[in-house]
Amino acid sequence: MAAAREWRWAVLQLEREARGVAGDGFDWVAAVRRADEGRDRFYVAARVGLTVGSGDVAQARWLIARQLNA
């Protein structure tokens, strides 16, 4: 549940920025990374909780590399 809340919070921050209510100093890149990493932690926790062990679901490292090479 904690991982789900963390991911949800990170996505809500992106939504607030998209709506124009996030406030000054919002760092879009850092917020996207928090959402990406939160997603990864959620899926890892969900797989552990469901005892599903096949394959890596993490994407944050790949997404960060894509952003840096864009």
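Reader: What makes the contact of Arg19 with Glu15 a salt bridge?

Author: In this predicted model, the closest N and O atoms of Arg19 and Glu15 are 2.9 Å apart. A salt bridge requires a side-chain nitrogen of Lys or Arg within 4 Å of a carboxyl oxygen of Asp or Glu, so the pair qualifies at 2.9 Å. Both residues lie in helix 1, 4 residues apart, which is about one turn of the helix.

Reader: Why is Arg19 called exposed?

Author: Arg19 has a relative accessibility of 63%, and exposed means over 50%; therefore Arg19 counts as exposed.

Reader: How many salt bridges does the structure hold?

Author: The structure holds 3 salt bridges. One of them joins the side chains of Glu6 and Arg41, with 2.2 Å from N to O. Since the cut-off is 4 Å, this pair meets the definition as well.

Reader: Which parts of the chain does the pair of Glu6 and Arg41 link?

Author: The pair links distant parts of the chain: Glu6 belongs to helix 1 and Arg41 to helix 2, and they are 35 residues apart. Glu6, at 33% relative accessibility, is partly exposed, and Arg41, at 39%, is also partly exposed.

Reader: Are Arg39 and Asp40 buried or exposed?

Author: Arg39 and Asp40 are both buried, a word that stands for under 20% relative accessible area. These two residues form a salt bridge, with their closest N and O atoms 3.3 Å apart.

Reader: Why is the aromatic pair of Phe26 and Trp28 called tilted?

Author: A pair of aromatic rings is described by the distance of the centres and the angle of the planes. For Phe26 and Trp28 the centres are 6.1 Å apart, and ring centres must lie within 6.5 Å, so the rings count as a pair. Their planes make an angle of 55 degrees; stacked applies under 30 degrees and edge-to-face over 60, so tilted is the term that remains. Phe26 is partly exposed at 24% relative accessible area, and Trp28 is partly exposed at 42%.

Reader: How many aromatic pairs are found, and which residues do ring pairs link into a cluster?

Author: A search of the whole structure finds 4 aromatic pairs. Ring pairs link Trp7, Phe42 and Tyr43 into a cluster.

Reader: Which residues make up the largest nonpolar core?

Author: The largest nonpolar core consists of 5 residues: Ala10, Leu14, Ala31, Val32 and Ala35. Helix 1 and helix 2 are the elements that give two or more residues to this core, and helix 2 gives the most, with 3 residues. In soluble globular proteins, nonpolar side chains tend to be buried together.

Reader: What makes Ala30 partly exposed?

Author: Ala30, in helix 2, has a relative accessibility of 24%.

Methods: Residues numbered from 1 in each chain as written. Predicted model: local features only at pLDDT ≥ 70, side-chain atom pairs only at ≥ 80, totals over all residues. Heavy atoms only, no water. Buried < 20%, exposed > 50% of the residue type's maximum accessible area, 1.4 Å probe, protein only. Core = buried A, V, L, I, M, F, W, Y, C linked by side-chain atoms within 4.5 Å. Phe/Tyr/Trp six-rings, centres within 6.5 Å; stacked < 30°, edge-to-face > 60°.
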